[in-house]
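Trainee: I am new to this one, so please take me through it slowly.

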Amino acid sequence: MRLDKYLADMHVGSRSEVKELIRKGKVSVNGAVIKDPGLAVTPQDAIEAAGETIGYQEHFYYMLNKPAGILTATEDKKQPTVLDLFPENLRKNLSPVGRLDKDTVGLLLITDDGALAHRLLAPKSHVDKVYLAKSDLPLVSEDAERFASGMTLSDGTELMPGKLEISGDDPCEALVTIREGKFHQIKRMFEACGKKVVYLKRLSMGRLQLDPELAEGAWRELTEEEVSNLSGS
Ligand code: URA
């Protein structure tokens, strides 16, 4: 692969930015400064840019704290999408894993690893998703029983058992755990109990927890440990 493509694929910068770095003599391959952006390199070469080792990464994994008002999609003609929160040179092949409603906030995994996304979303993978939900009306133990028994929604959709843990401090607040990701699932589960979700935030997906340091709209790369935990989620 060409050196400039390798650096751009490893998210060092856009193709023109990395060409500029190379021309300025800031890039070395196996210890030698290289000024030819077209030099053929392989993942086995020791490549440095601006003093940093640029190891080969097959896939990229990001955690986004999704803000309200943004679509979980890769592109949309009219509305901003979660990918618009990433710089252009990082967006290549990235997709959100699963979908949060426009008004839902919190943890969204974004990756170019389609096989992992597929595994995490497959119903038989049984990946638990935990949400903080706020209701317009106080939640009661009968609601928790309905969640636990695997309810049938008004359109006949049958759901796997979920968990509703009502907060001891505020009966309008609860942690909700579900395994599937059906359209508006939690909102429809609340509706089936005669309540309306007024706030919804995803806190975790399998073993991946939303980083409490991430402000809404902010993202970061997953650590190696988080990535390896995901495969075992
Ligand atoms: N359930 C919902 O109703 N909305 C979401 O965004 C996620 C789960």
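Trainee: Which helix gives the most to the lining of the second largest pocket?
Mentor: That is helix α1 (residues 3–9), which supplies three residues of the lining; helices (H or I, at least four residues) and strands (E, at least two) are DSSP runs, numbered from the N terminus. Keep in mind that this is a predicted model, in which local features need pLDDT of at least 70 and side-chain atom pairs count only at pLDDT 80 or more, while totals for chains, interfaces and linings use all residues. Residues are numbered from 1 along each chain as its sequence is written, and side-chain values use heavy atoms, with hydrogens and water left out.

Trainee: What counts as a pocket?
Mentor: On a 1 Å grid over the protein atoms alone, it is an open set of points where a 1.4 Å probe fits, with protein on both sides within 12 Å along at least five of seven lines, and lining residues have an atom within 4 Å of a point.

Trainee: How many residues line that second pocket, and which lie nearest its centre?
Mentor: There are 18 lining residues, and Ala8, Asp9, Met10, His11 and Lys92 lie nearest the centre of the second largest pocket. The lining draws at least three residues from each of domain 1 (3–53) and domain 2 (61–122 + 207–231), where the bounds come from an automatic or database domain assignment.

Trainee: Which domains does the largest pocket draw on, then?
Mentor: Its lining takes at least three residues from each of domain 2 (61–122 + 207–231) and domain 3 (128–205). Of its 27 lining residues, Arg99, Tyr131, Glu180, Gly181 and Lys182 are the closest to the centre, and α3 (114–121), β8 (129–135), α5 (185–192) and β11 (197–205) each contribute at least two residues to the lining.

Trainee: How far apart are the centres of domain 1 and domain 3?
Mentor: Taken over C-alpha atoms, the two centres are separated by 50 Å.

Trainee: New topic: is strand β5 buried or exposed?
Mentor: Six of the six residues of β5 (residues 61–66) are buried, so the strand is largely enclosed by the rest of the structure; buried means under 20% relative accessible area, exposed over 50% and partly exposed in between, with a 1.4 Å probe and protein chains only. Tyr61, Met63 and Asn65 point one way from β5, whereas Tyr62, Leu64 and Lys66 point the other way.

Trainee: Which strands does β5 pair with?
Mentor: Two strands pair if DSSP finds at least two bridges between them, and β5 is joined antiparallel to β7 (residues 105–111) over six bridges and to β13 (residues 219–221) by three, also antiparallel. Asn65 has Leu107 in β7 as its bridge partner, while Met63 has Arg220 in β13.

Trainee: How many aromatic pairs are there?
Mentor: A search of the whole structure gives five, where rings of Phe, Tyr and Trp (its six-membered ring) pair if their centres lie within 6.5 Å, with planes under 30 degrees apart counted as stacked, over 60 as edge-to-face and the rest as tilted. The rings of Tyr62 and Trp219 have centres 5.3 Å apart and planes at 85°, so this pair is edge-to-face, and it links strands β5 and β13 across 157 residues of the chain.

Trainee: Which cluster do ring pairs make with Tyr62 and Trp219 in it?
Mentor: Ring pairs link Tyr62, Phe86 and Trp219. Trp219 is partly exposed at 28% relative accessible area, and the rings of Phe86 and Trp219 have centres 4.8 Å apart and planes at 25°, so they are stacked. Phe86 is buried, at 1% relative accessibility, and Tyr62 is buried with a relative accessible area of 1%.
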